[in-house]
Every structure is written in C-alpha cells, then in structure tokens.
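The following questions and answers concern strand pairing and ring contacts in the structure shown here.

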Amino acid sequence: MLEQKYEKLQSILRDMGSVVVAFSGGVDSTFLLKAAVDTLGADHVLAVTADSETYPSSELEEAKRLAKWIGAPHEIIETSELAIPGYAENSKNRCYFCKSSLFDHLIPLMEAKGFQNVVYGVIADDANEYRPGMKAAKERGVRGPLQEANLYKKEIRELSRRLGLPTWDKPSFACLSSRIAYGESITVEKLTRVEKAEQFLRQTFQIRQVRVRTHQEVARIEVEPNDMAVILAHRDRIAKQLQTYGYQYVTLDLVGYQSGSMNKMLP
C-alpha cells in the first residue's frame, strides 16, 4: 500500500509537469521536495522559502541545508505576516491570511519563471484538523500532492526514512504565531520571546518536541510525557530563564504536547 501511494504521488507530480514547492524544511515539505526532484528532475522544481518574523532563523538555515542536500534549486523570499491586514489581531482565521499572502507571493514567481504549479505540504491528516489555510490554497488553485495521494504523517515519515531523508524523525513544527493564544495580538517581541524560550529548552535539556504556549504573561510548556521529569527536575532554572524573556508565570501542561492545542479555545 505504501509503495502504491508513493507511485500515485509520482503520477500526480508527473501530470503537473513542473512545480514551485512552498518549502519550510519540515517533514512534509522536505519529503514533497525530494519526491518532486526525483520524479521531475531538478530543472522542473523550485523550492521557495518565505523568511518572516514567524519563522525561526534556525529553521531557515536547516531549509537551506536540506534543499542543497536534495539538489533542488532554492530561493528565499522576504515576507512579513505582521504586515498582513488581520493577521496580527490573531483571529481564528490567522492561518488563512498567512497562506493567502504566501501563495500571492509564490504564484507570480511561478509565472515569471515558467513553472506550471504551486504545491505545498498539506497531508491527509489535515483533512480532519482545523486548517483555514487550505481554503486559501483552494481559492488560488494551489495543490497539495501529498493529500491528493492520501499520504498520512506516519507514512510520510516511513517513506522519508526509506529515502534517507534526515527529517524522517524530525519533530513537528508550526510557525511561532501558533504559540500565542487566539485573540491576543501578535508582536515581534512575543514571537522572539517564544523562540528564545523553546530554543533554550531544546538546546539546554535536549528536549526535541516542545511548545511554549503563550497566554499573555503566562508560559505554558508542552513536552512529551517522557520529558516532563526533566522539566520538573530543573524547574527553578527554567522558570528563572523564561522570566528573563518577559514571562511572569511559567507552567507545565500535564496533558503534554498536542499539535494545534490552541484550537481547543475555538468554538
């Protein structure tokens, strides 16, 4: 079944002819880029990464390395989510505004360079999640080959492993804005605070999967259950360090890491 799904993905890509890949360097977009290069050839693929306030510098550097490793032409464009009307207010449609702006940058680039399609890393799992960005893609004719091939995250990780991609077991990642509670305005200062806090936890304690959810002055740390003991063992150091970034209160979420946990706040 897995081989059949990969063959279907290749068939979808062949029918497209040439693609601009919205490339973040995450598990899904890296796999999509690799499949596109292997199927269409590097001359018919362009990876484009949007560098913005919500995208950590460490992820940008990794995206550069991955594109080079895959052998894909790679361009970096400068964008600003905070300049998008409606984005900084952080409504439930935040991701719609973000993806609309991204695709509005990529489509003219596609046309100018003679490519036929813009694709992005939406997957089968996302059909059951709150993903307003999918509406923006549909409105603009941007396609999601992984979802069209009915590929789920666990299958993408396994296929990535078989292809030798270093991202096969990379922790899931989402933009830094996803850490800030809906309805709370997004600012550069808050995004920087989140990035510093998560980087501190990852690098100091080798915690791979971590989110520092922000509720005004409260930091709500999400980690896998197995890592909770590490957080508790170093709670004084962690609390003091995060307070230097501007948090007044530092908490540990006993439920643990959950993708899209802020969506629980939505009706």
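Q: Which residue in S6 stands opposite Arg-211?
A: In this predicted model, strand S5 covers residues 210–215 and is joined to S6 by six bridges, the two strands running antiparallel. Two residues separate S5 and S6 in a hairpin, and Gln-216 in its turn has a positive phi of about 55°. Across this pairing, the residue in S6 opposite Arg-211 is Glu-222.

Q: What is the bridge partner of Val-218 in S7?
A: Strand S7, residues 249–252, pairs with S6 in the parallel sense, over four bridges. Within S7, the partner of Val-218 is Tyr-249.

Q: How many of the six residues of strand S6 are buried?
A: Strand S6 spans residues 218–223 and is largely enclosed by the rest of the structure. This description applies because the number of its six residues that are buried is five.

Q: What is the geometry of the aromatic pair formed by Phe-200 and Phe-205?
A: Both Phe-200 and Phe-205 are buried. Their ring centres lie 5.7 Å apart, within the 6.5 Å limit for a pair. An angle over 60 degrees counts as edge-to-face. With 90° between the planes, the pair is edge-to-face.

Q: At what distance from the ring centre of Tyr-247 does the charged end of Arg-193 sit?
A: Two such contacts can be described in turn. The charged end of Lys-135 sits over the ring of Tyr-96, at 5.4 Å from the ring centre. For Arg-193, whose charged end sits over the ring of Tyr-247, the distance from the centre is 4.3 Å.

Notes:
Residues numbered from 1 in each chain as written. Predicted model: local features only at pLDDT ≥ 70, side-chain atom pairs only at ≥ 80, totals over all residues. Heavy atoms only, no water. Phe/Tyr/Trp six-rings, centres within 6.5 Å; stacked < 30°, edge-to-face > 60°. Buried < 20%, exposed > 50% of the residue type's maximum accessible area, 1.4 Å probe, protein only. Lys NZ or Arg CZ within 6 Å of the ring centre and 35° of its normal. Pairing = 2+ DSSP bridges.
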